[in-house]
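Open the model in your viewer and keep the selection tool at hand. We will go from one stop to the next.

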Amino acid sequence: MSHPLPNLSPAPTPAAPGKEIWPRILGDIGDPTDGPTLIVIGGLHGNEPAGVKALQRFFARLEADGSSIAGRVIGLSGNRRALAMGRRFLSLDLNRIWRPERLQKVRSVQGGLQDEEAEMAALDAILAECIGLARGPACVVDLHTTSGPGPAFTVLHDTLMNRRFARALRIPLALGLEEELNGTLSDHLTDQGVIALTVETGQHDDHRSIDRAQAALWIVLDVAGLLPERYRRETEGARRQLERETRGLPAAVEVRFRHAIGAGGEYRTNPGFSSFGQVREGQIVGTQDGRPVSAPMSGLLLMPLYQEQGNDGFF
């Protein structure tokens, strides 16, 4: 079923060689009056295209099957212009600006918004439209990848409904991370009473990150009650895949420390680190402005930074 949505995508920036301008709507199947609404976003950071590619594959499969679902699922590309350039962001980190004052600005200004504020305005309008049309529960899944190697894991505000969806994925939960990352889309949606889940599926350019993102989609649709019985094989296979790849890892971890990179700071992670890798207290992890940075405690490292853009050295 087709649903008219606001035509608010900003004028595209010329794509870098070999890159393409992704459409904002990657797929839209079902009817919100028939059941729950699931909104999935890929590429909120422009150097993380795995979620967008997984959504394209996922919708191609559903459309080829001619499947009907018990509700509505819609896939969106996030920072379209940054995706076209292969950069995390152009001016502002699109997953750090979902604060009330910024939302008020982008909702009140008629035109003239640039870069991430224009992307934010477009996404905000579409999300409001889709959530407003929902007649059952509304859930938003935000697909991400990391600059360093590592397994899939989830980030969530620890509400009962968020945890129910996260547990079904059978991958580690990173609790407390949302308290360190202010202004995220999940912050905003949780404040609105929407079920919101962030799924990290691996390293940016690892083809397995696309596979994990697609596996997560099968599972979330099943938990939401959207999938017909004919897809039982896919959902069970997806669960086995994610469970197998994270076997031996803790079911949940608590983030206790964030190494923040100040404005203008130059941080570099030393080679060889990965998410959920063990570090010892005092172990040198990287350098900040030419000075060594050590782990403040023993534990597991999370999301070591191996890219130019970003304000989080490691957790």
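Stop 1: Start inside. The largest cavity has a volume of about 370 Å³. A cavity here is a set of points, on a 1 Å grid over the protein atoms alone, where a 1.4 Å probe fits but cannot get out. Its volume is the space filled by probe spheres set on those points, which are joined across faces, edges and corners. The structure holds one cavity of 30 Å³ or more.

Before going on, note that this is a predicted model: local features need pLDDT of at least 70, side-chain atom pairs count only at pLDDT 80 or more, and totals for chains, interfaces and linings use all residues. Residues are numbered from 1 along each chain as its sequence is written, and side-chain values use heavy atoms, leaving out hydrogens and water.

Now select Arg 88, Arg 96, Leu 181, Glu 200 and Met 303. Of the 29 residues that line the largest cavity, these are the closest to its centre. A lining residue has an atom within 4 Å of a point. The lining divides into eight nonpolar, 14 polar and seven charged residues. Nonpolar covers Ala, Val, Leu, Ile, Met, Phe, Trp, Tyr, Cys and Pro; charged covers Asp, Glu, Lys and Arg; the others, Gly among them, are polar.

Which strand gives the most to this lining? Select β4: it supplies three residues.

**Stop 2: the sheet.** Colour the strands (DSSP runs of E, at least two residues, numbered from the N terminus). Eight of them form an open, mixed sheet in the order β1-β3-β2-β4-β7-β5-β6-β8. The edge strands, β1 (25-30) and β8 (252-254), each pair on one side only. Pairing takes at least two DSSP bridges between two strands.

Zoom in on β5 (residues 153-155) and β7 (residues 195-203). They pair in the antiparallel sense over three bridges. Select Thr 154: its bridge partner in β7 is Val 199.

**Stop 3: a helix across the strands.** Select α8, residues 207-224. This helix (a DSSP run of H or I, at least four residues) lies across β2, β3, β4 and β7. It runs at about 155 degrees to β7. Angles run from 0 to 180 degrees between N-to-C directions, with axes fitted to C-alpha atoms, for helices over the stretch in contact (heavy atoms within 4.5 Å).

**Stop 4: one residue.** Finish at Gln 288, in strand β12 (residues 284-288). Is Gln 288 buried or exposed? Gln 288 counts as buried because its relative accessibility is 11%, and buried means under 20% (exposed is over 50%, partly exposed in between; 1.4 Å probe, protein chains only). Show its contacts, including His 259, Tyr 267 and Val 293.

Technical notes: 1 Å grid on protein atoms, 1.4 Å probe; cavity = no way out; pocket = protein on both sides within 12 Å on 5 of 7 lines; lining within 4 Å. Lists of a residue's contacts leave out its neighbours within four places in sequence.
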